[in-house]
Amino acid sequence: MLEIADIIGIIAFSISGFIIGVKNKLDLLGIILSAFFTALGGGIIRDLLTRREIFAFNNSLAGSIVLGVVITGIYLKIHQKNIENKTIFVLSDAIGLSSFSISGALAALEAGFNIFGVVFLSLITAVGGGMIRDILINEVPFILKEKFYGTVSILIGFILYFFHFGFIIPFIFIFGIVLRVFAYINNWHLPKI
Amino acid sequence: MLEIADIIGIIAFSISGFIIGVKNKLDLLGIILSAFFTALGGGIIRDLLTRREIFAFNNSLAGSIVLGVVITGIYLKIHQKNIENKTIFVLSDAIGLSSFSISGALAALEAGFNIFGVVFLSLITAVGGGMIRDILINEVPFILKEKFYGTVSILIGFILYFFHFGFIIPFIFIFGIVLRVFAYINNWHLPKI
Amino acid sequence: MLEIADIIGIIAFSISGFIIGVKNKLDLLGIILSAFFTALGGGIIRDLLTRREIFAFNNSLAGSIVLGVVITGIYLKIHQKNIENKTIFVLSDAIGLSSFSISGALAALEAGFNIFGVVFLSLITAVGGGMIRDILINEVPFILKEKFYGTVSILIGFILYFFHFGFIIPFIFIFGIVLRVFAYINNWHLPKI
């Protein structure tokens, strides 16, 4: 199940990287880079910090999906379709958020990290790619502004640190999706100080 | 002695990350991340570059201190108290600068790095966390503007490269603190070209 | 041959880092960092991602060249000489671009990376240093705006992935230089979408 979730997540994250690249008037190379960083950057950081084989550089599926999204995106002109607020996109993005957070937390647990490491890896795997993209295009990362997005990752990392039994993972996965979609619909946000 | 110095440094760096997060109107998650990156980011880069176990993800003391500072900071509203120019803060920050620089230089020496590696690790361990924070909030890193701050790290790395005998480290530690405080009081800065 | 090319590349990249540092009114430390990151940052990322010994921290030649360039640059005031559009600089920069791209692609091939890894390493080795510098001074990285610069790296990575025979490398090296210089003269750029 998580593998399909990963694929859906890579598609959703590539689309958001593609659209932001086009909107920032990057050239074709910049747009491809924006899609790659958004979809695969978080996983590369995860593999670097946990000293695993870098998945995106060893399995060609991930990169092929990103490339496919960019080509399809240009062909279908998806950047003109305000896709980001469509239900299908919000849901796909939530699936990616939940599945990437879980993969980050599991990698951290396997590496023997403490709770800070597990929560951080959960967060950086899910939102690190988007952060790199936002830094590149000179914006304050969305994660520092977007309401209740990274918080979902953090909660997933937190829960998984205490309850990392195989059978519980699907429930956490669903929990993450529901929480994000619910937060999106109800426009939740964290307090400022 | 260095362990206490590290703790003081983590506290001072967390406070500065906390205050900058609040001042940049980040939400609660953003503020916590700002404090974490400022206090622990440099050490994570150090451990990544020297291929050591990542301290912050294996020892829970560091993360707990950061979390404690954020909670205390919110409770005491330290962001309204202009604490950054108080003697106690300047001194704590100088202690952190000196002790983080030494830990970076020692890790680089142990990894067999040359003088450029030792000086770079000394610098990036002490100021890397603050640089990440400044990049995230879309500011030119303070280290590129702040007068005579990173220079202290560089001098520490330089001296330690040539004289890395155990008994000399406390003297270098004191030297770093005195130099930074002295530079702060006298408003030293490096020349421009 | 590639060793001389690397040296020429380090010189050219240091000069561009130096000039950009001066133009952004950084202090002396900032200028030195700008030159170091531009010249050596890409190689450090390459070595980190492919888990090799970090060249710049083990061989002192690279760092010494950067330092030499900065000292010479200050002495000769090269930032006042509009050197960036002179033939000699464009050529040296193209040599660096080509040779750094090749070194990145070869390191990725040796690490067993797939085509995405080889192309990415080729690109990040050549332009990663400049990207870090641009992020630090709070600019959108030149690579996302500059016409047909990173594209040269990508083509080199792509070709090397399919044809990595020793005897072909000099030809790819020359190809990269000619392509970049040609693109520069004719003001080529990639399409936007």
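**Figure 1. Area buried between chain B and chain C.** In this predicted model, about 2500 Å² is buried between chain B and chain C, with carbon and sulfur atoms giving 71% of that area (buried area being the accessible area, 1.4 Å probe, that two parts lose on being put together, summed over both). On the side of chain B, the residues that lose the most area to chain C are Phe116(B), Leu144(B) and Ile193(B), which together account for 31% of what that side buries. Residues are numbered from 1 along each chain as its sequence is written, and chains are lettered from A and ligands numbered from 1 in the order in which they are written. Local features need pLDDT of at least 70, side-chain atom pairs count only at pLDDT 80 or more, and totals for chains, interfaces and linings use all residues, while side-chain values use heavy atoms, with hydrogens and water left out.

**Figure 2. Composition of the contact between chain B and chain C.** The contact (heavy atoms within 4.5 Å) takes 27 residues from chain B and 33 residues from chain C. Nine residue pairs, both residues at pLDDT 80 or more, are in polar contact between the two chains (a pair of N or O atoms within 3.5 Å; within protein, one must be able to donate a hydrogen and the other to accept it, and residues adjacent in sequence count only if both atoms are side-chain atoms). The elements of chain B that give two or more residues to this side are α2 (28-49), α6 (115-136) and α7 (150-162); helices are DSSP runs (H or I, at least four residues), numbered from the N terminus. The largest share, seven residues, comes from α6(B).

**Figure 3. Salt bridge between Glu110(B) and Arg52(B)****.** The closest N and O atoms of Glu110(B) and Arg52(B) are 3.7 Å apart, a salt bridge being a side-chain nitrogen of Lys or Arg within 4 Å of a carboxyl oxygen of Asp or Glu. The pair links distant parts of the chain, 58 residues apart: Glu110(B) lies in helix α5 (residues 87-110), and Arg52(B) in the loop between α2 and α3 (55-58). Over all chains the structure holds twelve salt bridges, but the count between chain B and chain C is zero.
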